[in-house]
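Q: I would like to go through this model step by step. Please keep the answers plain.
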Amino acid sequence: MIRMTNVEKTYENGTHALNGISFEIQDGEFVFLVGPSGSGKSTIIKLLTGELVPSRGRVMINGFSMSNITRRQIPLMRRTVGVIFQDFRLIGNKTVYDNLSLAMRAVGASAREIKSRIPYVLGLVGLDGKGRRFPDELSGGEQQRVAIARALVNNPSTIVADEPTGNLDPARSLEIMTLLERINALGTTVVVVTHEKSLVNHFDKRVIMIDHGVVAATGVGRYEVAAHA
Ligand SMILES: Nc1ncnc2c1ncn2[C@@H]1O[C@H](COP(=O)(O)OP(=O)(O)OP(=O)(O)O)[C@@H](O)[C@H]1O
């Protein structure tokens, strides 16, 4: 479960990115995080992945309290959260297979686990047989599928995605969001930051609308409805 309680985040230059934000996301939910540019969405994602710590308030994710997590707990927490970015962030001089195996080795997986898990995950994201390709031998949509596979490879309970379709055309975007929906149906909690109203409106999911670093509205369904709820 994800729970933010009265979270404030002030960057070193004095920017107040979050101004007392509170929300909960239950295990197994699929939630869209929307809001204007600069409203604080990426800051929220970075708090959820442990890249940032809150200035005030409490961030709980999958049983870990991010305000007072110990150094030893951080890798354990990170294993529970898979992250996907707009720009894919694959390692260009490594094959698809090696991008995934690196992520598994980083958390101490055995050679046997790696060998059995990677083909399964590549199948799940629709990239059977593409393990030997390099990222630049794949389309943008395929590269994002590799990034999703990498986010899933250590079997996290939660996936957070920051504008995962920002670099893709509408058809590819719909495919990627449908894939995330399928992954959610298999039991993974999914949190997606997006600007794309048409995508939000296509999927009947809970929407949390952020504005000026607070929750402006929350509701199921259409972007506009949530914005004015
Ligand atoms: N590293 C940083 N240092 C200082 N200020 C920052 C930093 N990162 C973000 N900000 C500021 O914090 C506020 C929230 O930024 P954030 O990136 O969370 O917004 P966002 O909703 O994700 O925006 P976008 O939709 O444009 O990606 C903005 O005013 C931004 O300029």
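Q: In the hairpin of S1 and S2, which residue takes a positive phi?
A: Gly-14 does, with a phi near 95°, and the hairpin has five residues between the strands. Helices (H or I, at least four residues) and strands (E, at least two) are DSSP runs, numbered from the N terminus.

Q: Before we go on, what kind of model is this, and which pLDDT values apply?
A: This is a predicted model, in which local features need pLDDT of at least 70 and side-chain atom pairs count only at pLDDT 80 or more, while totals for chains, interfaces and linings use all residues. Residues are numbered from 1 along each chain as its sequence is written.

Q: How many bridges join S1 to S2?
A: Seven bridges join S1 to S2, and the strands run antiparallel. Two strands pair if DSSP finds at least two bridges between them. Met-4 has Phe-23 as its bridge partner in S2.

Q: And what stands opposite Met-4 in S4?
A: Val-59 stands opposite Met-4 in S4. Strand S1 (residues 2–10) and strand S4 (residues 56–61) run antiparallel and are joined by five bridges. Arg-3 stands opposite Met-60, and Ile-2 has Ile-61 as its bridge partner.

Q: What does Ile-61 stand opposite in S5?
A: Ile-61 stands opposite Phe-64 in S5. Two bridges join S4 to strand S5 (residues 64–65), again with the strands running antiparallel. S4 and S5 form a hairpin with two residues between them, and in the turn Asn-62 has a positive phi of about 50°.

Q: What is the strand order of that sheet?
A: The order is S2-S1-S4-S5, an open sheet of four strands with antiparallel pairing. Strand S2 (16–25) and S5 stand at the edges with a single partner strand each, so one side of each is left without a neighbour in the sheet.

Q: What about the sheet of six strands, which order does that have?
A: The order is S6-S7-S8-S3-S9-S10, in an open sheet with mixed pairing. Its edges are strand S6 (81–85) and strand S10 (214–220), each with a single partner strand, so one side of each is left without a neighbour. Neighbouring strands of this sheet are turned by 15° against each other on average, direction ignored. Angles run from 0 to 180 degrees between N-to-C directions, and axes are lines fitted to C-alpha atoms, for helices over the stretch in contact.

Q: Do S6 and S7 run parallel or antiparallel?
A: S6 and strand S7 (residues 158–162) run parallel and are joined by five bridges. The bridge partner of Val-83 in S7 is Val-160.

Q: Changing topic: which residues are around the ligand?
A: They are Tyr-11, Asn-13, Thr-15, Ala-17, Gly-35, Ser-37, Gly-38, Ser-39, Gly-40, Lys-41, Ser-42 and Thr-43. A residue is near a molecule or strand if its C-beta atom, placed from the backbone, lies within 6 Å of it.

Q: How do they divide into nonpolar, polar and charged?
A: The shell around the ligand has two nonpolar residues, nine polar and one charged. Ala, Val, Leu, Ile, Met, Phe, Trp, Tyr, Cys and Pro count as nonpolar, Asp, Glu, Lys and Arg as charged, and the others, Gly among them, as polar.

Q: Which element gives the most to that shell?
A: H1 does, with three residues.

Q: Which residues of H1 are buried?
A: In helix H1 (residues 41–49), the buried residues are Lys-41, Thr-43, Ile-44, Ile-45, Leu-47 and Leu-48. Buried means that 20 or more other C-beta atoms lie within 10 Å of the residue's own, exposed means 12 or fewer, and partly exposed lies in between, with C-beta atoms placed from the backbone. H1 is followed by Gly-50, whose phi is positive, near 85°.

Q: Next, at what angle do H3 and H5 pack?
A: Helix H3 (residues 96–106) and helix H5 (residues 140–152) pack at about 25°, with their axes 9 Å apart. That makes H3 roughly parallel to H5. Angles under 35 degrees count as roughly parallel, over 145 as roughly antiparallel, 65 to 115 as roughly perpendicular and the rest as oblique.

Q: And how far apart are the axes of H5 and H6?
A: The axes of H5 and helix H6 (residues 170–185) are 10 Å apart, with a packing angle of about 20°. H5 and H6 are therefore roughly parallel to each other.
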